[in-house]
Amino acid sequence: MFKNTIIAIFLILLFLGYHPLSAQQSSLLGDTYVIKSVPHDTYLHINFPKKNFIIKKGGIADMKSVIGVKVKVLYSTTNKEGIKVATVQRTDGRAFFNAYRTITVELDEAVSSGELQKSS
């Protein structure tokens, strides 16, 4: 009985340590990107808050303030539709619109549409 318990604990620890997304997430952590300009300030894959929420939080709702800003990936997940969603923050330590520390980004779609560009 003692031997079976040890084997069961070993197998549980082995499976808990293995997560299929862990290798994918670790390759994204710390990656830096630059927010690019888009026509009419319509970012489809960068989830900026609505302007009225920015103003209610005491921020400045100026989309020009985020153009050219470098951001780094804090963590990423994959939602149930299979879209890679990353949480990013500014590399200079400031808040987006002087109100939000982090925002979420649909990473692959934002890069392919030109909203984000990989930084070196």
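Is phenylalanine 48 buried or exposed? In this predicted model, phenylalanine 48 is buried, because its relative accessible area is 14% and buried means under 20%. Keep that residue in mind while we look at the whole chain, and we will come back to it.

Let's begin with the overall layout. The protein has four helices and six strands. If you trace the chain from the N terminus, the elements come in the order α-α-β-β-α-β-β-β-α-β. Contacts show how parts of the chain meet: among those with a separation of 6 or more, 59% join residues 24 or more positions apart.

Of the 120 residues in the protein, 31% are buried. The protein exposes about 8,000 Å², and carbon and sulfur atoms supply 60% of that area.

Now back to the aromatic rings. The structure holds three aromatic pairs. In one of them, the ring centres of tyrosine 43 and phenylalanine 48 lie 5.2 Å apart with their planes at 80°, so this pair is edge-to-face; the label applies because planes over 60 degrees apart count that way. Tyrosine 43 also counts as buried, because its relative accessibility is 11%. Ring pairs link Tyr43 and Phe48 with Phe96 and Phe97 into a cluster.

The charged end of lysine 57 sits over the ring of tyrosine 100, 4.3 Å from the ring's centre. Over the ring of tyrosine 33 you will find the charged end of lysine 118, at 5.1 Å from the centre.

Key: Residues are numbered from 1 along each chain as its sequence is written. This is a predicted model: local features need pLDDT of at least 70, side-chain atom pairs count only at pLDDT 80 or more; totals for chains, interfaces and linings use all residues. Side-chain values use heavy atoms; hydrogens and water are left out. Helices (H or I, at least four residues) and strands (E, at least two) are DSSP runs, numbered from the N terminus. Buried means under 20% relative accessible area, exposed over 50%, partly exposed in between (1.4 Å probe, protein chains only). Contact means heavy atoms within 4.5 Å. Accessible areas come from the Shrake-Rupley method with a 1.4 Å probe; for residues, only the protein chains shown count as cover. Rings of Phe, Tyr and Trp (its six-membered ring) pair if their centres lie within 6.5 Å; planes under 30 degrees apart count as stacked, over 60 as edge-to-face and the rest as tilted. A charge sits over a ring if NZ of Lys or CZ of Arg is within 6 Å of the ring centre and within 35 degrees of the ring normal.
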